[in-house]
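Please examine the sequence and the model shown below before reading on.

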Amino acid sequence: MESRTFQVLEFPKILGALSGFATSEPGASACLAIRPYDTLESVRRAGALFKQGAAWVGESGFRMRAFPELGGIFPHLGSELAVLDQDALFALKILLDLAKDARESLASFEERGWDVLKDELFAYAWPQKTVSGIGRCLDAEGQIKDESSPNLMSVRQEIRAIHQRCTKRVKDFILQENLGAAMQDEYMTVSSDRYVLPIKANFKNKTKGIIHDYSQTGETCYFEPLFLVETNNKLQELKREERAEEYKVLQFLTSLVRQEQDEVREAYFGLVTLDVLMAKVRLADAYGGRTIEVTEEGAPRLLKARHPLLALTDESVHPVSIELLDGQRAMIVSGGNAGGKTVCLKTVGLIGLMAFSGLPVPAAEGSCLPLWDDIFVIMGDEQSLEENVSTFTAQIQYLRRVWDKVDERSLFILDEFGAGTDPTQGAALAQAVIDSLLEKRATAFTATHFPALKAYAMATKGVRAASVLFDPSTKKPLFRLAYDQVGASIALDVAREHGLPAAILERAEKYLLLDGSDTSAVLDRLNAMAVRKEAELDAIEEEHTRIEKKRANLEQKFEKERTKLLKEVQSKAQDVVKQWKTERIGQKEARKKLHQARLRIEDIAPERKKDPVFSFSDIVPGKKVSYLAWNKSGTVLEINEKKKQAKVDIGGVAMWVKAEHLGPADGPSRPFDKPSEAPAPAPSELVVEVDLRGHRADEALSELERALDAALRKGAGKIEIVHGRGTGALRREVHEFLKYYPAVENFSLAPEDRGGDGMTEVTLK
């Protein structure tokens with residue numbers, strides 16, 4: 001893609017803004033070097049990297065720290081004799097510490113599956129030797145530690161011992177020679193790696209010694225007493241030994257870096273990539289940007305797009321939707337001056353460059369662009385007085401130079417093409433260019449004032465007409481596009497708005513009437529209709545947004561209240577069970593309270609009727625189903641065609657259940673083979689009897705519960721409970737128990753000839 005395209009569409013300005021969000025100098029330089037990718041795979045990978053990076057930054061709170069430029073040390077390491085100095089190694093320490101923090105932060109989100117982010121930033125092997133070596137030998141300020149080597153520690157300990165001895169001897173000397181008044185400072189200092197005394201210049205001959213230097217004012221001289229000469233000589237030898245030992249440490253650390261230079265290089269460039277990525281995230285935050293879908297081919301669609309540079313400087317920039325329909329490959333935008341035609345064209349081109357470079361763009365969700373390999377632009381006044389080239393000539397020369405490169409993967413932007421010559425011939429030439437672009441299957445966006453080109457836009461297949469809108473009453477631009485119509489140029493209105501003398505305007509209007517080609521009234525009506533339509537669409541969209549927001553708030557409120565109530569009911573249920581276990585309430589009362597709690601839960605639970613239920617034809621032996629009343633899964637054992645029921649095994653308990661009480665189960669169904677023996681009798685054919693006479697109430701209910709479980713396992717359809725007449729107390733307890741037992745469909749007293757009120761007949765589900 002030509003560098004001219006980048007300049008005309010102001011892509012370098014976007015990169016400059018992006019580099020301002022970078023934390024490090026190498027990151028800022030990398031931002032300025034960004035260019036569009038060549039392949040769709042690369043573009044999509046860059047988009048995935050941005051999305052994963054933005055999600056990680058948002059969830060982890062990781063923040064980038066500045067790190068130094070280190071690209072130059074890697075060529076330096078190519079020489080076997082090269083040794084990295086202390087500053088370079090400390091810079092490496094800063095770099096690797098930051099890389100370690102970033103790796104550990106991302107590792108804590110392993111389950112999120114951010115593979116692209118991990119591969120782009122941290123796919124290299126960790127340079128553990130280098131990290132350990134530098135960490136052991138350099139402190140937090142980048143100084144070489146005493147512990148770096150035994151010899152270095154020994155030398156430094158001796159240097160410190162000399163310092164302590166010298167300090168004591170200097171104090172004694174000052175007192176002995178009565179030099180307190182001669183001292184400029186009560187402490188000794190170091191000059192040329194030797195201990196000296198800063199004394200006033202007029203006292204320099206008071207005692208014997210060596211003067212090494214004077215201060216800038218000449219009032220202080222740095223004086224070495226004779227008793228320090230031998231000690232300073234020893235200090236010089238120790239300093240040389242210290243430097244030699246430090247150099248050995250630097251050689252050792254350099255050898256570690258050289259062994260792992262590939263890993264260190266990858267760590268460095270991984271951090272540069274991370275800095276660029278986080279700059280992209282900050283850029284997106286600055287104007288509400290996102291990466292958009294890029295496809296192999298198709299019609300461009302930019303929803304609520306804003307020019308990126310305008311969006312960065314002005315939050316109130318009007319968004320505009322720019323889209324072609326399927327089968328359309330060209331758009332011709334008409335309408336008045338200062339209405340936003342050129343900005344519209346630049347927005348398409350610049351967002352295209354940014355999207356293909358993996359940058360977030362200020363456009364709404366659902367936007368997409370086909371991948372253009374080349375973007376060609378004819379825009380603005382391109383005349384050159386030095387080269388004796390007019391605007392029209394410059395446009396033709398550019399068109400001739402790039403024409404052979406144009407194909408179906410090209411975008412061509414033409415702003416007022418042909419405007420620098422005769423309008424009739426310029427319009428004809430513009431139509432011919434667009435025809436040829438359509439033949440090449442290139443995508444074209446054009447802005448024009450030519451009436452002939454406006455008519456061409458309305459009549460030509462594959463071309464879409466669009467008009468910038470103006471307020472019908474004030475003639476001020478609305479910075480909106482209306483599609484499938486053309487717009488008036490309103491040159492006289494713009495001239496009036498900018499203060500052109502009224503006399504000139506009146507004459508222009510007369511000439512326009514005499515010409516007889518004024519279509520402004522019709523176009524004004526079209527503009528007014530389009531403005532009303534856009535206002536209605538905006539109102540509909542606002543109402544839709546309001547309803548969706550209200551719905552989301554209501555759902556959130558309902559879920560919050562439902563959760564609160566559910567916890568309250570569960571707490572009360574647990575309290576009831578606790579009271580029953582501690583015998584503060586009886587079994588009957590506890591069962592009643594639990595039933596009431598269950599009813600409250602059913603009231604606040606989502607309606608099950610809205611869930612899809614099984615029809616009887618959906619249920620086959622071996623199918624996995626869910627029993628909605630208990631919210632448990634089971635397996636269908638057999639079916640009863642007559643009663644439309646299924647026998648379901650739920651946790652080892654078999655029971656007959658109606659089809660409408662069953663729902664789909666999450667788990668997979670398993671094959672089911674019917675047993676070879678004779679089938680069990682249908683529920684209506686098997687009756688179980690239990691005799692509770694002679695039992696106390698609690699014993700009778702326990703016996704009844706066991707009998708019911710056994711009946712369900714056998715697949716019985718009915719159970720007969722003999723409880724006797726007596727006082728009726730046992731009968732009432734039994735009926736209270738049956739009322740809340742989930743597998744009981746109904747119960748009633750037996751007919752008089754079969755026991756009357758001494759026996760209860762129960763029908764099971």
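The points that follow concern a sheet and its helices, the cysteines, and one serine.

This is a predicted model, in which local features need pLDDT of at least 70 and side-chain atom pairs count only at pLDDT 80 or more, while totals for chains, interfaces and linings use all residues. Residues are numbered from 1 along each chain as its sequence is written, and side-chain values use heavy atoms, with hydrogens and water left out.

**The sheet**

- Four strands form an open sheet in the order 1-2-4-3, and their pairing is antiparallel. Strands (E, at least two residues) and helices (H or I, at least four residues) are DSSP runs numbered from the N terminus, and two strands pair if DSSP finds at least two bridges between them.
- Strand 1 (189–191) and strand 3 (209–214) are the edge strands; each has a single partner strand, so one side of each lacks a neighbour in the sheet.
- From one strand to the next, the twist averages 50 degrees. Angles run from 0 to 180 degrees between N-to-C directions, with axes as lines fitted to C-alpha atoms, for helices over the stretch in contact.
- The antiparallel pairing of strand 1 with strand 2 (residues 194–200) comprises 3 bridges. V190 is placed opposite Y195 in strand 2.

**Helices on the sheet**

- Helix 9 (residues 150–177) lies across strand 2 and strand 4 (220–225), and runs at about 25 degrees to strand 2.
- Helix 10 (residues 226–259) also packs on the sheet, where it touches strand 2, strand 3 and strand 4. The direction of helix 10 makes about 85 degrees with that of strand 4. Contact here means heavy atoms within 4.5 Å.

**Cysteines**

- The structure holds 0 disulfides, a disulfide being a pair of cysteine sulfur atoms within 2.5 Å.
- C344 counts as buried because its relative accessibility is 4%, and C368 is buried at 9%. Buried means under 20% relative accessible area, exposed over 50%, and partly exposed in between (1.4 Å probe, protein chains only).

**Serine 24**

- S24 is located in the loop between helix 2 (11–20) and helix 3 (25–32). With 5% relative accessibility, S24 counts as buried.
- Leaving aside residues up to four places away in sequence, S24 touches F67 and D275.
- The side chains of S24 and D275 are joined by a polar contact of 2.5 Å. A polar contact is a pair of N or O atoms within 3.5 Å; within protein, one must be able to donate a hydrogen and the other to accept it, and residues adjacent in sequence count only if both atoms are side-chain atoms.
- A polar atom of the S24 side chain lies 3.0 Å from the backbone nitrogen of G27.
- S24 and L271 are 247 residues apart in sequence, with a C-alpha to C-alpha distance of 9.6 Å.
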